[in-house]
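Okay, thanks for coming, everyone. I've got one structure to walk you through today, so let me put it up and we'll go from there.

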Amino acid sequence: MVAATARIVLKSAREIELMRAAGRVVHRVLEELGRMVRPGVTTAELDARAEEIVRESGGIALFKGVRHPQARFPFPACICASVNEEVVHGIPKDRPLRPGDIISVDCGVRLKGYCGDAARTFPVGAVSPDVQRLLDVTREVLAIAIREIQPGRRWREVARLMQRRAEEDGFGVVREFCGHGIGQQMHELPNVPNYVDRQRNGDFELRPGTTLAVEPMVTAGRADVVLADDSGWTVVTRDRSRAAHFEDTVAVTESGVDVLTDGR
Ligand code: MG
Ligand code: MG
């Protein structure tokens, strides 16, 4: 992966501050939507509020209008809203959330030319202990990544610890989707997998100025995913077990890591 490493664009301190400003907007969206999540609210209502917040901030919603080779139409919303067995890329709709559901909200914003991208999975009302454990472990997997990122370290070492934590509880780690470099573009090099493989795909050196969207996607059952419907967007677990998704945009610093989507 030497070639890929060479193409990772390192960011200056000024660029990282611009990414933090974008990240603040993303954080505000996720905080406000988290407070709105309750039985009866629709994901379309969450999306409408997200759109207002992004517009008021002067930012641009990054997901709206995105094209994907397998999708039948450009992504139509500001947020991805993925409920229960939906892993990522759920399209907001008028279906009300029900008690015991979980909803993953993913939001990306560009502000003054720089991007922030983050996601959280929220419980809707009271959820079963097993579902709560899925949320807690997935949040912990992201926290492990943030704790373990150090300049000079290989991503592979961090990914191994993330994978181990999820699998320790019998959960699956999605392979088809992963995190990514981020900066002026939402998706930059490198790919940032949440697992390790023998081919050492997705390994790279963490260097000061490397900016990443780290985003574990963890399943309660098997890790395999499929497209849910003919939109070509919504990704669900093949066994229809539930999935959780937590994401933050981070910068590698001289001494460790700086989280750019934590609202500071
Ligand atoms: Mg995201
Ligand atoms: Mg992302």
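Before anything else, one term: when I say buried, I mean under 20% relative accessible area, while exposed is over 50% and partly exposed is in between, with a 1.4 Å probe and protein chains only. Now the housekeeping. This is a predicted model, so local features need pLDDT of at least 70 and side-chain atom pairs count only at pLDDT 80 or more, though totals for chains, interfaces and linings use all residues. Residues are numbered from 1 along each chain as its sequence is written, chains are lettered from A and ligands numbered from 1 in the order in which they are written, and side-chain values use heavy atoms, with hydrogens and water left out.

Let's start with the metals. Donors here are N, O and S atoms within 2.8 Å of the metal (3.2 Å for Na, K and Ca), and water is not among the atoms, so sites may look incomplete. Which residues hold the magnesium ion (ligand 2)? Its protein donors are Asp 117 (OD), His 180 (NE2), Glu 215 (OE) and Glu 247 (OE), at 2.1 to 2.2 Å. Along the chain, that set has the spacing D-x62-H-x34-E-x31-E. Asp 117 sits in strand 5 (residues 114-123), and Glu 247 is in the loop between strand 13 (243-245) and strand 14 (248-252), so that pair is 130 residues apart in the chain.

Asp 106 belongs to strand 4 (residues 102-111), and 141 residues separate Asp 106 from Glu 247.

So what bridges the two ions? Asp 117 does, and the ions lie 3.1 Å apart. As for burial, Asp 117 and Glu 247 are both buried. Glu 247 counts that way because its relative accessible area is 0%, and Asp 106 is buried too, because its value is 8%.

On to the helices. Helix 2 (residues 13-36) packs on helix 3 (residues 43-57) at about 150°, axes 10 Å apart. Axes are lines fitted to C-alpha atoms, for helices over the stretch in contact, and angles run from 0 to 180 degrees between N-to-C directions. That angle is why helix 2 is roughly antiparallel to helix 3; the cut-offs are under 35 degrees for roughly parallel, over 145 for roughly antiparallel, 65 to 115 for roughly perpendicular, and oblique for the rest. The residues in contact (heavy atoms within 4.5 Å) include Val 25 and Met 36 of helix 2 and Leu 46 and Ile 53 of helix 3.

The other pair is helix 4 (residues 129-148) and helix 5 (residues 155-168), at about 160° with axes 9 Å apart. Because of that angle, helix 4 is roughly antiparallel to helix 5. Among the residues that meet are Val 137 and Ile 144 in helix 4, and Trp 155 and Leu 161 in helix 5.

Last one: Thr 138, also in helix 4. Thr 138 counts as buried because its relative accessibility is 0%. Setting aside neighbours within four places in sequence, Thr 138 touches Pro 216, Val 218, Ala 244, His 245 and Phe 246.

Technical notes:
Helices (H or I, at least four residues) and strands (E, at least two) are DSSP runs, numbered from the N terminus.
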